[in-house]
Amino acid sequence: MYNIKSIRIQTTTACNLKCHHCFTEAGKAKQKEITLNDFQPVLEDLKKMKTKTAILTGGEPLLRDKFIYELASSLTDFEIINILYSNMTIFNKKIAQKLQKNGVYIIHTSIDAATANEHDCFRGKKGAFDKTIKSIKLAKKLGFQIWVRTTLTNQNIKQVPKIFDLLLKLKVDSFRVRPVITTGSATENLVISKKQLKEVNLFLLKKKQALENKIEIKFLPFCFEFAVKSSWQKKTMPCFETQGYISSVGDIKPCAYYPVVLGNICNNSLFKAWNSKKANDFRKKTQCKECISCKFYSICYGGCRAAAFGRTGIFSAQDPLCLATP
Ligand code: SF4
Ligand code: SF4
């Protein structure tokens, strides 16, 4: 039996930016988005599974004004920690107060370059960088925890040290890095090489050793160098076991990046769909033969299964960024 410990909920596909690497090709809201009413049975299932965290994503969740606060409040009532995933370009003091009132104290945002021009070009909107930086400063002042994600592409990979310095200055709480996954708008030409991945892994390992108390550093799905050289960060579970995803129209998916639907919350119980034959068959289908017999399997669990599928179209393919093989 599998229990979802962390659920990612896409609150809307509406977005005010147009990022090159968006996993969901966000823009306009879908016609029939999930409502709080649709969500009631899900809350009971999350309680049954002892879910600890909910990541409220989009599109841009702050564009779904009333729903986002109501949902956060309900999740808080079920003792689930809310993490808001926002581009922070429409954040202000009034929004901050409403978020905190409804139990949101952690905001996860994205910075993909150390300069405004490059970040804005990537995010498809002039002024996005300045607004996000201003919002981070305001949110820190108001007591939020700020986590920043950088999606690594071959266009920004050289900027990681500069982005890191910027985040230190902003005193953000966590820096989370992950290679781009080729789903949604993200295309093959953005993908990084193994050599580039290794260099970033080593850079972050050094920073982590030197600055452990100042900033949390996480490499997603995991950092090969961290895992092999220390016990700091391993992947905790194979994919599709403890992290679930619900789309803005209620589709239950094994992960945000995987184009497979296991059911819909309007017709199916989340718990039952997560433990259905369809879900278990999918888990088996996505197991990689080479990974199962690899000596690093217990720290890596096959890398990112969605990245492997996105690059090859084969469910059981090996993660193309596996650093254990040439
Ligand atoms: S072969 Fe590579 S991706 Fe697979 S488990 Fe081993 S290290 Fe991980
Ligand atoms: S497939 Fe990749 S993105 Fe999805 S849960 Fe696994 S590591 Fe995470």
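A residue is buried if 20 or more other C-beta atoms lie within 10 Å of its own, exposed if 12 or fewer, and partly exposed in between, with C-beta atoms placed from the backbone. This is a predicted model, in which local features need pLDDT of at least 70 and side-chain atom pairs count only at pLDDT 80 or more, while totals for chains, interfaces and linings use all residues. Residues are numbered from 1 along each chain as its sequence is written, and chains are lettered from A and ligands numbered from 1 in the order in which they are written.

Helices (H or I, at least four residues) and strands (E, at least two) are DSSP runs, numbered from the N terminus. In helix 13 (residues 305-312), 6 of the 8 residues are buried: Arg305, Ala306, Ala307, Ala308, Phe309 and Gly310. These buried residues pack against strand 6, where contact requires C-beta atoms, placed from the backbone, within 7 Å. Gly313 follows helix 13 and has a positive phi, near 75 degrees.

## Ligand shells

A residue is near a molecule or strand if its C-beta atom, placed from the backbone, lies within 6 Å of it. The shell around ligand 2 consists of Pro221, Cys239, Gln243, Cys255, Tyr257, Cys304, Arg305, Ala306 and Ala307. Helix 13 gives the largest share of this shell, 3 residues. By class there are 7 nonpolar, 1 polar and 1 charged; here Ala, Val, Leu, Ile, Met, Phe, Trp, Tyr, Cys and Pro count as nonpolar, Asp, Glu, Lys and Arg as charged, and the others, Gly among them, as polar. Pro221 lies in the loop between strand 7 and helix 8 (224-229), and the peptide bond from Leu220 to Pro221 is cis, with omega near 0 degrees.

Ligand 1 is surrounded by 14 residues, of which Cys291, Cys294, Cys300, Cys322 and Ala324 are the closest. Helix 11 (289-292) and helix 12 (297-300) each contribute at least two residues to the shell of ligand 1. That shell has 8 nonpolar, 4 polar and 2 charged residues.

An open sheet of mixed pairing is formed by 10 strands in the order 7-6-5-4-3-2-1-8-9-10. Its edge strands, strand 7 (216-219) and strand 10 (263-264), each pair on one side only. Two strands pair if DSSP finds at least two bridges between them.

Strand 1 (residues 6-10) has 4 of its 5 residues buried. Strand 1 pairs in the parallel sense with strand 2 (residues 53-57) over 5 bridges, and Arg8 is opposite Ile55 in strand 2. Strand 1 also pairs in the parallel sense with strand 8 (residues 243-246) over 4 bridges, with Gln243 as the bridge partner of Ser6. Strand 5 (residues 145-152) and strand 6 (residues 174-179) are parallel partners over 6 bridges.

## Helices 4 and 5

Helix 4 (residues 116-123) packs on helix 5 (residues 128-141) at about 105 degrees, with the axes 7 Å apart. Axes are lines fitted to C-alpha atoms, for helices over the stretch in contact, and angles run from 0 to 180 degrees between N-to-C directions. The contact involves Ala116, His119, Asp120 and Arg123 of helix 4 and Ala128, Phe129 and Asp130 of helix 5.

## Backbone exceptions

Glu79 and Met88 are not glycines, yet Glu79 has a positive phi of about 60 degrees and Met88 has a positive phi near 60 degrees. Glu79 counts as exposed because there are 12 C-beta neighbours inside 10 Å, whereas Met88 is buried, with 26 other C-beta atoms within 10 Å.

Notes. Two residues are in contact if their C-beta atoms, placed from the backbone, lie within 7 Å.
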